[in-house]
Structure formats: C-alpha cells, structure tokens
Amino acid sequence: YREVATELHAAEVMMYNACRLKEHGMPFVKEASMVKLYSSQVAEKISSKSIEWLGGIGFTTDLMAEKFYRDCKVGSIYEGTSNIQLQTIAKIMNAEYE
C-alpha cells in the first residue's frame, strides 16, 4: 500500500505543478506530457496491484478491478498514448538543450 500511495501522491503533485505553470502563463507542455505518462503508468500499476491484493476474485467481473486493469492496459497497447507522450517530452527537451 505504501508504494501505491507514494506513487499516487507523486502523480498528484506533478499534476498540480503543471497546472501552476499553465496558470502563470509559463511553458507547461513538457510537464503536462510527463504527468500524462506517469499517471497512466501509475494507474496501470495500481489496478494490477488491486487485482493481486484481491486474489482470485480480482479477475472476476463481480468487482470492477479487472475492468480498471483492462482499461489502463489497453491505453498503453492500443492507443500508443505512452509513446506519444515520450515523443513530446523528447522533442521539447531537445529544443531546450539546443
């Protein structure tokens, strides 16, 4: 539980930082992409851990844990969202260091 809580809190803090940058009219796209990437990874890990903690019943449709896991996993496989976020981060970082 400690790892999950820590990662969830880190994602929340990252989100608030990106929002703060946008509110102050500062560049925020890199930070927003980092938040999207990290949050999707954390969501997948948390949903996987919840199934693990629930045991065999976690895979049944009686609970929503299996649906949350499927929803999180399909985003990284089908939509390529993580790769798009990585490309955005890399493009902005390259421009920063040129």
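**Entry 1: salt bridges**

Which residue forms a salt bridge with Lys45, and how far apart are the closest N and O atoms? I looked it up: the partner is Glu7, and the closest N and O atoms are 3.0 Å apart.

Before going on, I wrote down what I am looking at: a predicted model, where local features need pLDDT of at least 70, side-chain atom pairs count only at pLDDT 80 or more, and totals for chains, interfaces and linings use all residues. Residues are numbered from 1 along each chain as its sequence is written, and side-chain values use heavy atoms, with hydrogens and water left out.

Back to my pair. The helices here are DSSP runs (H or I, at least four residues), numbered from the N terminus. I also saw that Glu3 joins in, as Glu3, Glu7 and Lys45 are linked in a network of salt bridges.

The cut-offs I used are under 20% relative accessible area for buried, over 50% for exposed, and partly exposed in between (1.4 Å probe, protein chains only).

**Entry 2: helix α3**

How many salt bridges does the rule give? The count comes to six. I followed up two that sit in helix α3.

- Arg70 and Glu66 meet through their side chains in a salt bridge of 2.9 Å, N to O. Both lie in helix α3 (residues 65-79), four residues apart, about one turn of the helix. Arg70 is partly exposed at 47% relative accessibility, whereas Glu66 counts as buried at 13%.
- Lys67 and Asp71 form a salt bridge too, at 2.8 Å, N to O. They are separated by about one helical turn because they are four residues apart in helix α3. Lys67 is partly exposed at 33%, and so is Asp71 at 40%.

Glu44 lies in helix α2 and is buried, with a relative accessible area of 19%. Glu44 touches Tyr69, Cys72, Lys73 and Ser76, leaving out residues up to four places away in sequence. Contact here means heavy atoms within 4.5 Å.

**Entry 3: helix α4**

Where is Gln85? I found Gln85 in helix α4 (residues 81-96). Gln85 counts as buried because its relative accessibility is 9%. The side chain of Gln85 makes a polar contact with the side chain of Ser33 at 3.2 Å. That term means a pair of N or O atoms within 3.5 Å; within protein, one must be able to donate a hydrogen and the other to accept it, and residues adjacent in sequence count only if both atoms are side-chain atoms. Not counting residues up to four places away in sequence, Gln85 touches Ser33, Lys36 and Leu37.

Ser33 came up again with Ile89. Ile89 lies in helix α4 and is buried at 9% relative accessibility. The C-alpha atoms of Ile89 and Ser33 are separated by 6.4 Å, although the two are 56 residues apart along the chain. Ile89 touches Lys30, Ser33, Met34 and Leu37, with residues up to four places away in sequence left out.

Gln87 is in helix α4 as well. Gln87 is exposed, with a relative accessible area of 57%. I looked up its spacing to Ser48: their C-alpha atoms are separated by 26 Å, and they are 39 residues apart along the chain.

**Entry 4: rings**

How many aromatic pairs does the structure hold? It holds one. Tyr1 and Trp53 form a tilted pair, 4.4 Å centre to centre, with 40 degrees between the planes. Tyr1 lies in the segment before α1 and Trp53 in helix α2, so the pair ties together parts that are 52 residues apart in sequence. My rule for rings: those of Phe, Tyr and Trp (its six-membered ring) pair if their centres lie within 6.5 Å, and planes under 30 degrees apart count as stacked, over 60 as edge-to-face and the rest as tilted. Tyr1 is exposed at 70%, while Trp53 is partly exposed at 39%.

Conventions: A salt bridge is a side-chain nitrogen of Lys or Arg within 4 Å of a carboxyl oxygen of Asp or Glu.
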